[in-house]
Amino acid sequence: MTTTNFEQLEKELLEAIAAADDLVTLEDVRVIALGKKGRVSELMKGLGALEPEERKAFGQAVNGLKERVSAALSARKDTLHEAELSKRLASEQADITLPPRPGSLSEGRVHPVSQVMDEITEIFADMGFSIAEGPDIETDYHNFTALNIPEEHPARQEHDTFYFNEREDGSRLVLRTHTSPVQIRTMENTEPPLRIIAPGRVYRCDSDQTHTPMFHQVEGLVIDEVTHMGHLKWVLDAFCRAYFEVDEVKMRFRASHFPFTEPSMEVDVGYAKVGDEIRIGEGDDWLEILGCGMVHPNVLRNVGYDPAKVQGFAFGMGVDRLAMLKYGMPDLRPFFAADLRWLKHYGFGVLDVPTLARGVSS
Ligand code: PHE
């Protein structure tokens, strides 16, 4: 084969490569050029007929050709890949700034309770709390006994408990009256230290403007070797400032009593009612939002912890109350009346996901 033929072949192949405008065509060109029976392999067949001294130069020429063709193929392949990707990206592009189309997505509303639960979770997650859960249908033991509320204790009456029918062994299940049994379940299954919140539904046989038979709480629990009341107050103060999105919140810690904490406190938040509006951080009206205290040694013993070694605090806050305060809803009952007009007025858009970075309620 003459030099001109080499040049001619190279030119043809390079042209074919440049002309291939998709990956399939390019692969065809590769097979024609470098495949087992391709043009370049054909050239090698001529090698045997050559004089030994000519073979070297011929071999080098073929190899050079092969390399240049390979390089051209892979460069073209990269270009086509990129073009294909850009085409796909362009065709699959979604304008995420577009508002949702009319229909279920824009019609639907997130219930204020769900929204507030998410806000609370976001704030505590940022403080390093993780989420724990427990069942709505509880054993008497987890809801009461393990929490240092024995059988004959008056606190059992105060809870207006919904009881299930007695089982064969005489025990009765209950609809949990608070989220505190999740403290017990978590401690039973986890070695200290721990730092959890437990949001969920709770049930009490009670109904008026500020009480409904089902409502929501978020339980908090921190157990380690050093946590004390100062930490508890700081956490609650930091929470309230983040939740109400104000620099200062007026909080009142009142001595109280819970069988599962010692000492125990109830916390009120100060607010002012200006017309229909509720302003947090000013005024002389108080609304109770949570109960808290240092976990009682008996509770720690009941879950197999050693109260001489570990200690900590717990709190339980009323989610619905927190929602009423923040979003100025005067009556609790419509929360659960499934009235679409109420939900449209107070509900949140599906894309209003609370994040600390954007401000929890934006
Ligand atoms: N479980 C209490 C209630 O429902 C609240 C609470 C939780 C109090 C944790 C102290 C500690 O009223």
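**Ligand site, domains and backbone details**

In the ligand site, an N or O atom in the side chain of H178 sits 3.0 Å from a nitrogen atom of the ligand; a polar contact here is a pair of N or O atoms within 3.5 Å, and within protein one must be able to donate a hydrogen and the other to accept it, with residues adjacent in sequence counted only if both atoms are side-chain atoms. The model is a predicted one, in which local features need pLDDT of at least 70 and side-chain atom pairs count only at pLDDT 80 or more, while totals for chains, interfaces and linings use all residues. Residues are numbered from 1 along each chain as its sequence is written, and side-chain values use heavy atoms, with hydrogens and water left out.

For R204, a polar side-chain atom lies 2.9 Å from an oxygen atom of the ligand. On its own the ligand has 320 Å² of accessible area, and the protein covers 92% of that (Shrake-Rupley method, 1.4 Å probe; for residues, only the protein chains shown count as cover).

Turning to the shell, β6 (214-224), β10 (285-295) and β11 (311-318) are the elements that give two or more residues to it; helices (H or I, at least four residues) and strands (E, at least two) are DSSP runs numbered from the N terminus. β11 hands over the largest share, 3 residues. There are 14 residues around the ligand, and H178, S180, R204, Q217 and G316 come nearest, where near means that a heavy atom of the residue lies within 4 Å. By type, the shell splits into 5 nonpolar, 7 polar and 2 charged residues (Ala, Val, Leu, Ile, Met, Phe, Trp, Tyr, Cys and Pro are nonpolar, Asp, Glu, Lys and Arg charged, and the others, Gly among them, polar).

As for the overall layout, the protein divides into domain 1 (3-92) and domain 2 (110-346), with bounds from an automatic or database domain assignment. Their C-alpha centres are 73 Å apart.

The P192 to P193 peptide bond is cis, with omega near 5°, and P193 belongs to the loop between α9 (181-189) and β5 (194-203). Another cis bond joins E262 and P263, with omega about -5°; P263 is placed in strand β8 (residues 261-274). N148, not a glycine, has a positive phi of about 70° and lies in the loop between α7 (140-143) and α8 (155-158).
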